[in-house]
Amino acid sequence: MTTRRDFLRLLGTTAAAGAFGNFARAGTGTGYASKRPPPGKRRFTSAAVERELARVQARIGDPKLAWMFGNCYPNTLDTTVELGTLEGKPDTFVITGDIEAMWLRDSSAQVAPYLPLAKQDRALQRLFHGLIRRQARCIRIDPYANAFLPDPHAQPLSWARQDQTDMKPGVGERKWEIDSLCWPIRLAHGYWQATGDVAPFDDDWRAAMLLVVNTFREQQRKHDRGPYHFQRTTDRPTETLALEGYGHPSRPNGMIHSMFRPSDDACVYPLFVPANLFAVVSLRQLAAMSRALHHDAGFADDCTALADEVALATRRDGRLQEADGDYWAYEIDGYGNRLFMDDANAPGLLSLPYLGCCAADDPLYRRTRERAWSGHNPYFFRGTAAEGIGGPHEGLRMIWPMAITMRALTSRDPAEIRQCLRWLRDTDAGTGFMHEAFDQDDPAHFTRAWFAWANSLFGELIVKLADTQPALLRAP
């Protein structure tokens, strides 16, 4: 049976030529030809993004790095955005790249680098209005789904059509992941903070947020297993759930259960620590918005109470005690069993400060970070091309550029950041884009030639460095 992973592998390196080979050959002035679509074929254009691209690109001393930034930073807007109108209001659908579906997580992360520019660009504001509304609509369809389709009457994604779960019309895939509900809150809060605009946060959005909180409470599983179950006929254990689709046993402790990780792989233990820490941040952001925008003290108090309960349980039970100190676990089961690893996708242990879960210099995080970027993590790989974190999704030896980018985003060490930039620059296999994963010794062996989230995250890193450590871009 074809799965999402099989589909992506079919694309392979040939997809780079197919997807980008006919793009415009406008030069960057450095001998590298732009891989962007010609202006007339771009899905969306923002004057503010174009100005920012030019500003930052001019600060990059390395010609190849400047070329890659020029390709990656606008990639989401160039290739994945579909604007429209739904029920008389703006509507924005954002595909992941090489899959014609919208993941709540990916779509939020893909547009995040443009949030600081939204206040000065009406076109961007309309894009965010539409996406915030579309995500709220998706959550109201099914808060347990991770991916949605542009056509509400379309068949689910090919690998999900025989799944044994409560599939709803318009759902592409129904893997329950805590972060699928956190990322839209992060996007909404970020947009509100950046612009002060309250237009997207209407009664439909509020109804979706009520579903978010109710779903989190259901998945605390204090009294029963809750309504969610999922099984798939597959030869990959990470694509299905044990025990009639409810996942491995757990002892309820106040944390929220997650059946899948942000990689879309099944959890080993259902109390997934990074996602619970992310949920705490999201609930506090939702409480702040509820108080300020809707003057709904009751709902805000409910969000805060749940955040406090999850935070207490996670900090109490979600750590490993070792002779040299304590560390965050990756997953636990409530019975005392703990798994230590990390996965390149966010939320993960490496990405905790990026998501606002802690400060980058927090001692517990620093110890965990060092351990995750080492042989203590079974999905940390070191080869002749680079070193970094991967995950079960693409298997052993496969490093994810997102992990390298996240290491740089969570670092203040110039030498560490400079090394990350060099790895990112030198492992693109000549394509000018980030990929999902590449072989530790052979970057020409990679997955997903068109993966917009990885491109956006790389662009976000370069913009941050241009503003905070520009010397690193002048001579990486």
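## Aromatic pairs and charge–ring contacts

The charged end of Arg-407 sits over the ring of Trp-373, at 4.3 Å from its centre; such a contact requires NZ of Lys or CZ of Arg within 6 Å of the ring centre and within 35 degrees of the ring normal. The model is predicted: local features need pLDDT of at least 70, side-chain atom pairs count only at pLDDT 80 or more, and totals for chains, interfaces and linings use all residues. Residues are numbered from 1 along each chain as its sequence is written, and side-chain values use heavy atoms, with hydrogens and water left out.

**Charge over a ring**
- Arg-371 lies over the face of Tyr-327, 4.4 Å from the ring centre.

**Aromatic pairs**
- The whole structure holds 13 aromatic pairs (rings of Phe, Tyr and Trp, the last by its six-membered ring, with centres within 6.5 Å; planes under 30 degrees apart are stacked, over 60 edge-to-face and the rest tilted).
- Trp-183 and Phe-278 are edge-to-face, because their planes lie at 80° with the ring centres 5.5 Å apart.
- This pair links helix 8 (residues 178-195), which holds Trp-183, to helix 10 (residues 273-294), which holds Phe-278, across 95 residues; helices are DSSP runs of H or I of at least four residues, numbered from the N terminus.
- Trp-183 also pairs edge-to-face with Trp-453, with centres 6.0 Å apart and planes at 80°.
- Trp-453 lies in helix 15 (residues 452-468), so its pair with Trp-183 ties together parts 270 residues apart in sequence.

**Cluster and burial**
- Trp-183, Phe-278, Phe-451 and Trp-453 form one aromatic cluster.
- Trp-183 is buried at 2% relative accessibility, and Trp-453 is buried at 3% (buried means under 20% relative accessible area, with a 1.4 Å probe and protein chains only).
- Phe-278 is buried as well.

Notes: Helix = DSSP H or I, 4+ residues; strand = E, 2+ residues; numbered from the N terminus. Buried < 20%, exposed > 50% of the residue type's maximum accessible area, 1.4 Å probe, protein only.
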